[in-house]
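Welcome! Here are some exercises to work through with the model open beside you. Try each task before you read its solution.

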Amino acid sequence: MNNVILLADRNSHAWGFAEKIQLYIRQTKEYLLPLCEVQVNKFRNGEIGVHVPENVRKKHVFFIHDSSKDPQDWWVELLLVKDLLLSASAESVTFVLPNMLYSRQDRKDKPHVPISARTLARSLSHGLDRIITIELHAGQIQGFYPEEVPVDNLYAFPEVVRYLRLNHWDDIKDIVVVSPDAGAAGRTKSFLRKMEKAQERDLFKQNYSFALLSKERSKPGEIGGMQLVGDVKDKNVIIVDDIIDSGGTLCAAADVLKANGAKKILCYATHGIFTRGTLELCNCFDVVMTSNTYKQEDPNIKVIDMTPIFAEAIYRAHLGLSISKLFD
Ligand code: R5P
């Protein structure tokens with residue numbers, strides 16, 4: 001992996017994330033990838049300035065960005081870093097985005113609204129070589145990027161299933177896997193399949209089942225109502241989502257599941273933003289799990305490390321090896 005460098009903002013969550021990627025590649029592939037710094041500062045009026053002290057000429061640069069930043073700063077920093085790297089003659093530029101922000105508005109669900117995921121794609125695409133991200137809100141967002149900018153959408157579920165089998169073996173006996181809304185049904189079923197596949201070699205097989213909550217939103221960020229389709233009576237359940245923002249969706253779901261007789265209630269979402277804190281969620285659920293695509297500070301939240309998947313993807317993308325093999 002000659003001429004490859006990792007780049008991140010030292011004063012952000014992305015730096016620790018990048019260090020873990022660097023360590024994984026050193027330990028498993030015996031390459032020490034240089035981790036270089038992008039310095040981010042602000043002018044007095046709030047405009048952003050970026051600077052990379054290192055020479056990047058002819059280098060393959062993997063810029064690891066921090067999803068926990070203000071979403072507007074996150075977007076502008078991507079544009080400025082790309083411009084900087086191209087102007088400095090980098091050989092290739094890959095954005096490693098632990099969460100692809102602006103993905104929730106991926107279609108016109110009512111008149112006179114932007115398709116923000118497409119706007120982001122149009123602004124990022126020019127000159128960019130690749131994006132590596134995980135658990136995109138909707139897989140078809142990849143189609144907003146032209147063919148010369150492939151988007152590798154990684155899956156968190158293999159790590160989550162491994163974690164559950166190691167740490168919550170008793171809780172997941174005959175568990176019901178619940179989708180928090182109709183749009184998440186495909187993702188939830190794929191989680192169910194991973195759970196089933198993981199027990200292929202087990203002597204005694206569990207009988208996992210599926211249920212769906214039908215969610216109505218009164219306005220963005222507020223839940224109108226929820227109905228359960230399926231049976232959770234006297235069963236443990238796990239709700240799987242891509243994002244916890246306010247936590248409103250999951251708390252409303254927990255109420256409906258309890259009212260329908262569920263026993264233990266677990267939840268997992270890859271991107272734990274927790275804009276309303278974690279207290280209410282921890283009261284609603286027996287176990288709350290997320291990943292480290294966002295900075296997490298509450299010890300009551302179980303955090304599953306996604307850096308091995310990103311490290312493998314970086315390694316494989318650079319050497320032209322299969323990424324899908326990671327998820328077989
Ligand atoms: C919605 O489509 C997403 O998949 C999540 O369910 C949603 O963003 C979660 O938001 P909140 O935690 O604010 O209910």
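Strands and helices here are DSSP runs, numbered from the N terminus: a helix has at least four residues and a strand at least two. The model you are looking at is a predicted one.

**Exercise 1. The shell around the ligand**

Task: Find which element gives the most to the shell around the ligand, and which residues come nearest.

Solution. 
- Step 1: Start with the elements. β10 (209-219), β12 (237-244) and α6 (248-259) each supply at least two residues of the shell.
- Step 2: With four residues, β12 gives the most.
- Step 3: Go down to residues. The ligand has 13 residues around it, and those that come nearest are Asp241, Asp242, Ser246, Gly247 and Thr249.
- Step 4: Sort the shell by class. Two of its residues are nonpolar, five are polar and six are charged.

**Exercise 2. Polar atoms at the ligand**

Solution. 
- Step 1: In the side chain of Asp242, an N or O atom is 2.6 Å from an oxygen atom of the ligand.
- Step 2: For Gly247 the backbone takes part: one of its polar backbone atoms is 2.7 Å from a ligand oxygen.
- Step 3: Thr249 uses its side chain, where an N or O atom is 2.4 Å from an oxygen atom of the ligand.
- Step 4: Now take the ligand as a whole. On its own it has 380 Å² of accessible area, and the protein covers 90% of that.

**Exercise 3. Aromatic pairs**

Task: Work out how the rings are arranged in the pair Tyr31 and Tyr315, and then in the pair Phe63 and Phe95.

Solution. 
- Step 1: The whole structure holds six aromatic pairs.
- Step 2: Take Tyr31 and Tyr315, with ring centres 6.5 Å apart and planes at 45°; the pair is therefore tilted.
- Step 3: Tyr31 sits in the loop between α1 (13-29) and β2 (35-37), and Tyr315 belongs to helix α8 (residues 307-319), so their pair ties together parts that are 284 residues apart in sequence.
- Step 4: Check the accessibility of each. Tyr31 is partly exposed because its relative accessible area is 31%, while Tyr315 counts as buried at 16%.
- Step 5: Turn to Phe63 and Phe95. Their ring centres are 6.0 Å apart and their planes stand at 70°, so this pair is edge-to-face.
- Step 6: This pair also links distant parts of the chain, with Phe63 in strand β5 (residues 60-64) and Phe95 in strand β6 (residues 92-97), 32 residues apart.
- Step 7: Phe63 counts as buried at 2% relative accessibility, and Phe95 counts as buried at 0%.

**Exercise 4. Two residues and their contacts**

Task: Decide whether Val151 is buried or exposed, do likewise for Thr293, and list what each is in contact with.

Solution. 
- Step 1: Val151 lies in strand β8 (residues 151-154). Its relative accessible area is 10%, so Val151 is buried.
- Step 2: Setting aside neighbours within four places in sequence, Val151 is in contact with Met100, Ile131, Thr133, Leu136, Gln142 and Tyr145.
- Step 3: Thr293 lies in the loop between β14 and β15. Thr293 counts as buried because its relative accessibility is 1%.
- Step 4: With neighbours within four places again left out, the contacts of Thr293 are His13, Phe17, Ser67, Pro98, Ile134, Thr270 and His271.
- Step 5: One of these, Thr270, has its backbone oxygen 3.3 Å from a polar atom of the Thr293 side chain.

**Exercise 5. Positive phi**

Task: Locate Ser89 and Phe274 in the chain, and say what phi each has.

Solution. 
- Step 1: Ser89 is in the loop between α2 (71-87) and β6. Although not a glycine, Ser89 has a positive phi of about 65°.
- Step 2: Phe274 is in the loop between β13 and α7 (279-284). Its phi is also positive, near 50°, and Phe274 is a residue other than glycine.
- Step 3: Finish with accessibility. Ser89 is partly exposed, with a relative accessible area of 28%, whereas Phe274 counts as buried at 9%.

Note on methods. Residues are numbered from 1 along each chain as its sequence is written. This is a predicted model: local features need pLDDT of at least 70, side-chain atom pairs count only at pLDDT 80 or more; totals for chains, interfaces and linings use all residues. Side-chain values use heavy atoms; hydrogens and water are left out. Buried means under 20% relative accessible area, exposed over 50%, partly exposed in between (1.4 Å probe, protein chains only). Contact means heavy atoms within 4.5 Å. A residue is near a molecule or strand if one of its heavy atoms lies within 4 Å of it. A polar contact is a pair of N or O atoms within 3.5 Å; within protein, one must be able to donate a hydrogen and the other to accept it, and residues adjacent in sequence count only if both atoms are side-chain atoms. Accessible areas come from the Shrake-Rupley method with a 1.4 Å probe; for residues, only the protein chains shown count as cover. Ala, Val, Leu, Ile, Met, Phe, Trp, Tyr, Cys and Pro count as nonpolar, Asp, Glu, Lys and Arg as charged, and the others, Gly among them, as polar. Rings of Phe, Tyr and Trp (its six-membered ring) pair if their centres lie within 6.5 Å; planes under 30 degrees apart count as stacked, over 60 as edge-to-face and the rest as tilted.
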